[in-house]
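Let's take a walk through this protein together, from its charged pairs to its pockets and its surface. Please have the sequence and the structure open as you read.

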Amino acid sequence: MSKPLDGIKIIDFTHVQAGPSCAQQLAWFGADVIKVERPGSGDATRTSLRDIPDADALYFTMLNSNKRSLTLDTKKAEGKEVLEKLIRQSDIMIENFAPGALDRMGFTWEYIQSLNPRLILASVKGFSDGHFYEDLKVYDNVAQAAGGAATTTGFWDGPPTISGAALGDSNTGMHLAIGILAALQHRHLTGLGQKVAVSMQDAVLNLCRVKLRDQQRLERTGVLEEYPQYPHGTFTDVVPRGGNAGGGGQPGWILKCKGWENDPNAYIYFTIQGTAWEATARAIGKPEWVTDPAYATAKARQDKIFDIFAYIETWLADKDKFEAIEILRKFDIPCGPVLSMKEIAYDESLRRSKSIVEVDHKVRGKYLTVGSPIKMSGATVEITPSPLLGEHTDEVLAELGYNATQIAAIHSAAAV
Ligand code: CAO
């Protein structure tokens, strides 16, 4: 079966997570992705948080599947020449080095365009060009802090909190992939490549847009009715942390189920959907709340929403999270279990949908990784293991037209 990006060649000049996640997604769509790494060391994630001595760490293997690895010292003349050849023959180059690093290497946007005007150059930086902090090196958590995620995550009596989801990293990578695909389509129309840039701060902010909504509502009305602070607490002029409240106007919270005393994940997320109140009241054994004026409308329930959640927790006390969902799903109530990473790793549904797959790596053996979250009827994604450092160097150099003697010379120059 053909793949959407068959025939597209990508130079993956990225490292750590934000850039690699983007290039990996495009590899899953069928692009030929050549990861360019520094000889001897490669992407720092090959050795970060290793669980098996001398084997590429999971951090690397889970972000670099379906790629080939080419080692090149792009600060040396021999390496630069190879990179130039690659640029001439490729469709896309993705990079996420520190601000200015590519220019310092000699590969300015102007120079890249002169080598190949059809090439799309896609970059991740912490902050946008021209931003006050444009020169900063940035990892995920800084972007979460600067993009609105940290200030709005956690509880009102605790500090700003970082999400476990890589909002600054893989999320930025996915934004970049969208930009690249749009630029590819634009190239069909114009024949020209362009520069696509996504800052990690912007990518986080894009996911925090409802909090920017709330800032404006707060400034206009002084309160945010769906937040736990309303109506009993107080508001300042800044959007507060809302704990586990839902952001869409339907009250929701994380509720304890049977076993919560010993199991940190014995919880469900429960939403009291306005239109499902009758079903909700019946499901939790309070049919009288359907007609009782103190509970019948969302407005009437507002000042006692946490009493209602507390009651639902007493109803949940003899049901584990899966039993609770089995009951609630029959009433069409929007809800779901809090799943631990262990439950997710062994979840049969996720294995069936290939959202979690097992792959066999030459050195480390079998490991789990995520599959493509994007499913397409016209193409399937087979996840292949990540490459060893430089595994495809000779193969790629030969494809670029180098003969055995020239390849040997490139290797010895890199070793010096
Ligand atoms: N050959 C020769 N030199 C190479 C090379 C290669 N194949 N690959 C990289 N280098 C060089 C770079 O040119 C750079 O050299 P200079 O400092 O002399 O310009 C050097 O390696 C270090 O690159 P770096 O500054 O990007 O790496 P770092 O580990 O110091 O910083 C990071 C890492 C992620 C903080 C930084 O790259 C960054 O801010 N990137 C942009 C934002 C980003 O993507 N962050 C998310 C990372 S995922 O959490």
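Which residues are linked with Asp32 in a network of salt bridges? The network joins Asp32 to Arg68, Glu395 and Glu399. A salt bridge here is a side-chain nitrogen of Lys or Arg within 4 Å of a carboxyl oxygen of Asp or Glu.

Before going further, a word on what you are looking at. This is a predicted model, in which local features need pLDDT of at least 70 and side-chain atom pairs count only at pLDDT 80 or more, while totals for chains, interfaces and linings use all residues. Residues are numbered from 1 along each chain as its sequence is written, and side-chain values use heavy atoms, with hydrogens and water left out.

Now for the overall picture. The protein has 416 residues, and 46% of them count as buried (buried means under 20% relative accessible area, exposed over 50%, and partly exposed in between, with a 1.4 Å probe and protein chains only). Its secondary structure comes to 18 helices and eleven strands; these are DSSP runs, H or I of at least four residues for helices and E of at least two for strands, numbered from the N terminus. Along the principal axes, the C-alpha trace spans about 85 × 45 × 40 Å.

Let's return to the charged pairs. Side chains of opposite charge can pair when their charged atoms come close. The structure holds 24 salt bridges. In one of them, the side chains of Asp32 and Arg68 meet at 2.9 Å, N to O. This pair links distant parts of the chain, with Asp32 in strand S2 and Arg68 in strand S3, 36 residues apart. Asp32 is partly exposed at 27% relative accessibility, whereas Arg68 is buried at 12%.

Another salt bridge brings together the side chains of Lys125 and Glu95, at 2.8 Å, N to O. Here the link runs between strand S5, which holds Lys125, and strand S4 (residues 92-95), which holds Glu95, and the two residues are 30 apart in the chain. Lys125 counts as buried at 16% relative accessibility, and Glu95 counts as buried at 3%.

Lys321 belongs to helix H14 (residues 321-330) and Glu343 to helix H15 (residues 341-345), 22 residues apart. Lys321 is buried, with a relative accessible area of 5%, while Glu343 is partly exposed, at 27%.

What about the open spaces? Rolling a probe the size of a water molecule over the atoms shows where empty space is left. On a 1 Å grid over the protein atoms alone, a pocket is an open set of points where a 1.4 Å probe fits, with protein on both sides within 12 Å along at least five of seven lines, and its lining residues have an atom within 4 Å of a point. Points are joined across faces, edges and corners, and a volume is the space filled by probe spheres set on them.

The largest pocket has a volume of about 760 Å³. Of its 33 lining residues, the closest to the centre are His15, Arg38, Asn96, Phe97 and Ala98. Strand S2 (32-37), helix H4 (101-104) and S5 each give two or more residues to this lining. The lining divides into 16 nonpolar, eight polar and nine charged residues (nonpolar covers Ala, Val, Leu, Ile, Met, Phe, Trp, Tyr, Cys and Pro, charged covers Asp, Glu, Lys and Arg, and the others, Gly among them, are polar).

The second largest pocket has a volume of about 580 Å³. Gln17, Leu63, Ala166, Ser170 and Val370 are the closest to its centre among 20 lining residues. Helix H1 (18-28), helix H2 (58-61) and helix H8 (170-190) each supply at least two residues, and H1 provides the largest share, four. This lining has eleven nonpolar residues, nine polar and no charged.We finish on the surface, where Phe132, Tyr133 and Leu136 form a nonpolar patch with about 340 Å² of accessible area together. Patch residues have over 30% relative accessible area and no salt bridge, with like charges joined within 9 Å and nonpolar side chains (Val, Leu, Ile, Met, Phe, Trp, Tyr) within 5 Å; areas come from the Shrake-Rupley method with a 1.4 Å probe, only the protein chains shown counting as cover. Tyr133 is partly exposed, at 40%.
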